Amino acid sequence: MQPSFDLRIRTMNKALAEVVLPAIDPDNKAAAEQLQLVIGSLNLMQEQIDYANWYEIADGRSMVAMAEKVAELAGQPLSKELDDAVAVTKDVGTRHNVTLSQIRDANYALRETLCDAISKVLSTVDAETARAISRAVIDLTEDQTSRERAFVAKTGFDVFPDTLKSIRESLEAAPAG
Amino acid sequence: MQDRIALRARPTDQWIAELRERYPAEASIDEALTRKLKRRGQPAYHSPSFEEIGERLHRLISAGTEGDIAIRNLRSLTGGASKEQFVFELDWIDGGVRRTGDRMVLRCEPAASIVETDRRREFELMSFAGPLMPVPRVHWIDDDGSVMGTPALVSSFVAGVQKPSKVSSNVTGMGTHFPKALRDLLVPQYARYMAALHKAPIADGDLPSFSRPAVGTTEAAEQIVNWWGRCWQEDLYEPSVISLMTEDWLRRNAPTLDHLSVVHGDFRTGNFLFEEDTGQITAILDWELGYLGDRHADLAWVVTDLYRTYEDGKPFHCGLFESTDAFVDAYEAAGGLPIDRKKLAWHKVFCTWKQYILSLGCALRAGDGLTHQDVLLSWLSAGGYPIAESLRLQLKAAE
């Protein structure tokens, strides 16, 4: 499909940087700052857009892996709502006729039920099991955090250069489906 | 799922009441947060015109001063991520003396803000800190917004810069790194002002808008966890496992308060001004996140990983301190109260969690059509992900 997302973003950025920005009153610092942020945000989207679907699928798989690990450590299924949310996430992750927002919605529901389930299980199991679950959950968040950091690295906020991956590297490290 | 999304977008009285009960906060914080929720769901924010602002400002100042006044050159001021700020020149009578062209700053609350705070608290804190360090003199307050249309504060303008002119940084001063010559000038002043704030006696009548957690208890820690836990629940766009695990850890490990201090709450690079040629600090700014509690929080805020900078591959805190030890040494050498490393570590986790909530909760929620700088807040939210990594590393080390 033409013009591609990439081309459209590039042309918008060019117009903003070369036509709009020089036309701003130099004393209007707020306007200049916000325009620079718009340009930066478009650059960020230009990099992210090609990976958006892959990102959501990887996110869902990471949460499924976490739900399964917590249930294993707790020695019991966590909740019917969580099982249902896992099933939906697995389903949308394998279909072709699904929109990005449907995958995001499924992930949102899974994230919410997973948080509820972890919160509940931590308050009901013995201290040793709770500690083991906490450790496992914290370890498993590394995969998600690595992906999120890679996705926004261009904003320049990251402060852990030694472990910052490219978007592709971070997605390739996600659990297999 | 849709229920909670809808409740956050258009809160019901019942949902607000449940949050207030689950996360009991100090009265003035509770009031500010509840006001925010009741406003939510209203039409997108548009800044009033300069003419409207000027007219309201004239009424506010006239009501609180003697004689005629004139407001000139009202214009926007950049720099913060929170309040809508303006600068102007004022002709007025100050203590019986006619003054011309005094530069002033007006801070207004937009329809929503990355931090929902209370102008009365800010006014009281700035007045309290004035004798201890350079702080803009506060003149007039409209704490209920009855004149300005939104709560607002007017203070004197203070000259100075947030960062050296030849140094680049990210928004709101984050990522600013100071060259050694400036560090040598700024660090002793910075440490001295922070130490003075924490040691300052708080008399019975001081700071009436603030609650006073009891020394020898964990009330101070619980109070701030409740404050920010409530903010997260009110503002989040996506539930978060790392936030859940952090809140659980903070509650299980809450430290006991050994001394009640005024805590600035955002005492970092970007929130003080200095003269570039002399290195003299001219103002400590942004008091809106202040509270009464544990001094360790102010030091921990500075050593959070988000404010890390690098020089020749070596990390610095806030572009000023070569290590946590160097900062604590400077603070204690400046007469600061003793620093307990275990409490400092707890507060670092807390401060990192607060940054996470500000980034991925408050900034996104406020920046969704409700402020004068939505694009800035959206940009800032990306900082939440390296913050999540910092939380993960700290929790892993602590468990």
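Reply: What follows takes the sheet, the domains and the chain contact in turn. One caution: this is a predicted model.

Me: What makes β3 and β5 of chain B a pair?

Reply: Two strands pair if there are at least two bridges between them. Strand β3 (residues 97-108) and strand β5 (residues 152-156) of chain B share 5 bridges. One of the bridges links B:C108 to B:A152 in β5(B).

Me: How many strands form the open sheet of chain B, and in what order?

Reply: The sheet has 5 strands, ordered β1-β2-β3-β5-β4 in chain B. The pairing is antiparallel.

Me: Why are β1 and β4 of chain B called edge strands?

Reply: Each of them pairs on one side only. β1 covers 70-77 and β4 covers 138-142 of chain B. From one strand to the next, the twist averages 25°.

Me: Which helix lies across β1, β2, β3, β4 and β5 of chain B, and how does it run?

Reply: That is α4 (residues 50-63) of chain B. Helix α4 runs at about 125° to β1(B). Helix α5 (residues 119-129) of chain B also packs on the sheet, where it touches β4 and β5.

Me: How do you know that domain 1 and domain 2 of chain B touch?

Reply: Contact means C-beta atoms within 7 Å. By that test, 25 residues of domain 1 are in contact with 31 residues of domain 2 in chain B. The two therefore touch. The assignment places domain 1 at 50-156 and domain 2 at 171-398. Their C-alpha centres lie 26 Å apart.

Me: What makes up the domain 1 side in chain B?

Reply: The largest share, 8 residues, comes from α5(B). By class, this side has 15 nonpolar, 4 polar and 6 charged residues.

Me: How many residues of chain A and chain B are in contact?

Reply: In contact are 34 residues of chain A and 31 residues of chain B.

Me: Which elements of chain A give two or more residues to the side that touches chain B?

Reply: They are α2 (29-48), α5 (100-124) and α6 (127-151) of chain A. α6(A) gives the most, with 10 residues. The chain A side divides into 15 nonpolar, 9 polar and 10 charged residues.

Methods. Residues are numbered from 1 along each chain as its sequence is written. Chains are lettered from A and ligands numbered from 1 in the order in which they are written. This is a predicted model: local features need pLDDT of at least 70, side-chain atom pairs count only at pLDDT 80 or more; totals for chains, interfaces and linings use all residues. Helices (H or I, at least four residues) and strands (E, at least two) are DSSP runs, numbered from the N terminus. Axes are lines fitted to C-alpha atoms, for helices over the stretch in contact, and angles run from 0 to 180 degrees between N-to-C directions. Domain bounds come from an automatic or database domain assignment. Ala, Val, Leu, Ile, Met, Phe, Trp, Tyr, Cys and Pro count as nonpolar, Asp, Glu, Lys and Arg as charged, and the others, Gly among them, as polar.
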